[in-house]
Number of protein chains: 2
Amino acid sequence: MHQAIKKVGITGGTHGNELTGVYLIHKFQANPALVKRTSFETLCMHMNVGAIEQCTRYVDKDLNRTFTLKALEDYTLTEYEDSLSKVINQQIGPKGSDTPAVDLVIDLHTTTSDMGLSICVSTQDPFTWQAIAYVQEQIPELHIFRWNGDTEDASFVSSIPPHGITIEVGPIPQGVLRADTFFGTERVVQAILDYVELHNQGKAIQYTEADIYDHVELIDYPRNAQGEITAMLHPSLQDNGYAKIEKGDPLFVTLEGKDICYEGEEPRHILFANEAAYYEKHFSMCLTDKKTISL
Amino acid sequence: MHQAIKKVGITGGTHGNELTGVYLIHKFQANPALVKRTSFETLCMHMNVGAIEQCTRYVDKDLNRTFTLKALEDYTLTEYEDSLSKVINQQIGPKGSDTPAVDLVIDLHTTTSDMGLSICVSTQDPFTWQAIAYVQEQIPELHIFRWNGDTEDASFVSSIPPHGITIEVGPIPQGVLRADTFFGTERVVQAILDYVELHNQGKAIQYTEADIYDHVELIDYPRNAQGEITAMLHPSLQDNGYAKIEKGDPLFVTLEGKDICYEGEEPRHILFANEAAYYEKHFSMCLTDKKTISL
C-alpha cells in the first residue's frame with residue numbers, strides 16, 4: 001500500500017459534451033499550481049478531442065467503452081474512438097503495464113441525472129478504495145457507486161492505469177457549464193490529490209469501511225414494439241437521486257398519464273435515473289443496494 | 001378577426017434532441033381525439049426527422065433558422081435542412097400564401113434554461129396575440145417572450161403560416177423526457193386549441209393587454225482571445241429565470257471564482273440563461289424588459 005504514486009492523470013472530455021471536465025482541464029492547464037503537490041507530478045489532458053470539438057458525446061462510439069484489453073489489441077477496429085483509445089493508452093498506460101505513464105487517473109464526467117457529487121468505481125484496487133474513503137470523509141455528501149458490470153475486461157478510462165477513479169456530478173444538461181457542478185467537481189479532484197500527497201508522505205490513515213451503492217441491475221424504459229419509449233421516469237423519482245423504491249412504488253408514468261410500478265421483491269436505491277446518454281443504451285436507471293463494505 | 005381557422009399544425013422535433021415535442025407528436029398521432037375539436041382539423045407532424053433519428057439538434061444547420069423567404073427561394077442552398085425546409089414549407093405553407101395548408105402552427109420546443117412554461121412570439125398578428133392572452137389567462141404561470149430580432153424576414157417555423165406560436169418549456173436537458181415538462185407543454189397546447197375552438201364559434205372574448213418580456217439584447221459569455229468561455233452563468237442567476245438584474249449585480253463567475261457584474265444602466269429581466277444550444281450562437285442570455293402591452 002505504501003508504494004508512492006509518481007504521476008496522476010486528470011482527464012476531461014472523455015464525453016465531449018460534458019463541459020465541466022473540458023473546462024476544468026482548461027483551468028488546470030492555465031493554472032498548473034492548482035493541481036501541483038510536492039510528491040508527484042500531474043498530467044491534465046482532454047480525451048475525446050473530436051467529440052469536444054463538435055460538442056457531442058462521441059464521434060463514432062462511446063470512448064469510455066473502448067479500453068478493454070481485447071479492443072486495445074484489435075487493429076481491425078478503425079472507427080475514430082478505436083484509434084484514439086490506442087493513442088490514449090500509450091499516453092496514460094499502457095494498460096496492464098508494471099511501469100505505466102500514469103499511476104492514477106481521475107476521469108471527469110457529468111450526468112443529467114440527480115447524482116450530486118459522486119464517484120463511480122469499478123476496481124477492487126485497495127489504494128483506490130482508500131483514496132475514495134478519504135474523499136468521503138472530507139466531503140460527507142459524496143456518494144460512492146460501485147459498478148460490477150464488466151470487471152473481467154473493464155472498458156473505462158479509469159481501468160487503464162493501476163488506480164482509477166471516475167467522478168460523476170449532476171444533474172447538468174449536456175453542453176452546459178454550471179458553476180455549482182464545476183466547483184463541486186473541483187473539490188472532489190482536490191481531495192483526491194490531497195490524499196495522494198498524504199499517502200506518498202506516509203501520513204494517510206487506513207480506512208476500514210466505506211458506505212456505497214452497489215450495482216444490482218440496469219433497467220430500461222417501457223417501450224412499444226417499435227422500440228419507442230412509452231413511459232417516462234415517474235415525477236416522484238425525478239430530481240430524487242438515490243431514492244429508495246419498494247414493491248408497488250411508481251417507477252414510470254406513461255405518456256397517457258398512467259403509473260407503472262416497481263414489481264421487484266427487494267427494496268432498491270436508484271441511480272443514474274434519466275441520464276440522457278443512456279436512452280440509446282436502453283437504461284432508464286440503475287438499481288442498487290445501499291451497504292457498508294469492509295476495506 | 002373572425003375569419004375561421006380551418007387547420008392547425010402541431011409540430012415537434014424541429015430540434016431533434018428536444019424529445020418533449022417528439023413524444024407529444026407520437027402521443028397525439030396515436031390518440032388523435034386528444035387534439036380534435038369540432039370546428040377545425042389538426043395536423044401533427046415531426047419536423048427534423050434526420051435530427052430526431054440521431055437525437056441531435058440538427059443535421060447540418062438549425063432548421064428553425066431556415067424559413068426566411070430568401071432561403072426558401074434559394075435553390076443554391078443544399079444542406080440537409082435547406083431542402084427539408086422547402087418540403088415543410090409545402091406541407092404547412094407555403095409562406096406568404098393566402099390559402100396556406102395550415103392557418104396556425106404550434107411549434108414545440110424545450111430549453112435547458114429555467115424558462116418554466118413559456119410562449120415565444122415574433123409576430124404582430126392580432127389573432128396570435130389574442131390566443132396567447134387567452135392561454136395566459138388559463139395558465140397564469142405562463143410567461144410570454146416577444147422576440148424582435150428578425151421580424152423583417154422571420155426564420156422560425158412559427159413564421160410559415162399566418163398565425164404561429166412557439167412553446168418553450170424548461171429547464172430540461174437535451175435528449176431527455178421529463179413528465180412535468182411533457183404534461184406542462186401539453187397543457188399549453190390544449191389551451192391554444194381551446195381558444196381556436198372558441199374563436200371559430202364566435203365565443204372568444206377580446207383581450208386588450210398582455211404581460212410580456214420584451215427582447216432587448218442578447219449577450220455572450222466572457223471569452224478569451226481563442227474564443228473559449230472564461231466565465232459561467234453566476235449561481236445567483238442559475239435556475240432563476242426571469243430574474244431582475246440591476247447595475248452591479250453579478251452576471252457571471254470566472255472559472256477561477258471571480259464575479260463579473262452587470263454594467264448596464266437599465267434594469268433588465270433575464271431569459272434563456274444557460275441554454276445549451278446557444279453556446280455556439282454566442283448567447284449566454286437574453287436581456288428583456290418586463291412590460292404590459294396593449295393588444
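Student: How far apart are the centres of domain 1 and domain 2 of chain A?
Tutor: 27 Å, taken over C-alpha atoms. The domain bounds come from an automatic or database domain assignment. Keep in mind that this is a predicted model: local features need pLDDT of at least 70, side-chain atom pairs count only at pLDDT 80 or more, and totals for chains, interfaces and linings use all residues. Residues are numbered from 1 along each chain as its sequence is written, and chains are lettered from A and ligands numbered from 1 in the order in which they are written.

Student: Where do the domains of chain A run?
Tutor: Domain 1 is 7-207 and domain 2 is 214-288 in chain A.

Student: How many residues of each are in contact?
Tutor: 14 residues of domain 1 of chain A contact 14 residues of domain 2 of chain A. Contact means C-beta atoms, placed from the backbone, within 7 Å.

Student: Which strand gives the largest share on the domain 1 side of chain A?
Tutor: Strand β5 (residues 143-146) of chain A, with three residues. Strands are DSSP runs of E, at least two residues, and helices are runs of H or I, at least four, numbered from the N terminus.

Student: New topic. What is the strand order in the sheet of chain A?
Tutor: β2-β1-β3-β6-β4-β5-β7-β13-β12-β9, an open sheet of 10 strands with mixed pairing. Two strands pair if DSSP finds at least two bridges between them.

Student: Which strands are at the edges?
Tutor: β2 (41-46) and β9 (244-245) of chain A, each pairing on one side only.

Student: And in what sense do β7 and β13 of chain A pair?
Tutor: Antiparallel, over 10 bridges, with β7 spanning residues 209-219 and β13 residues 285-294 of chain A. There, A:D211 stands opposite A:T292.

Definitions and conventions: Contact = placed C-beta atoms within 7 Å.
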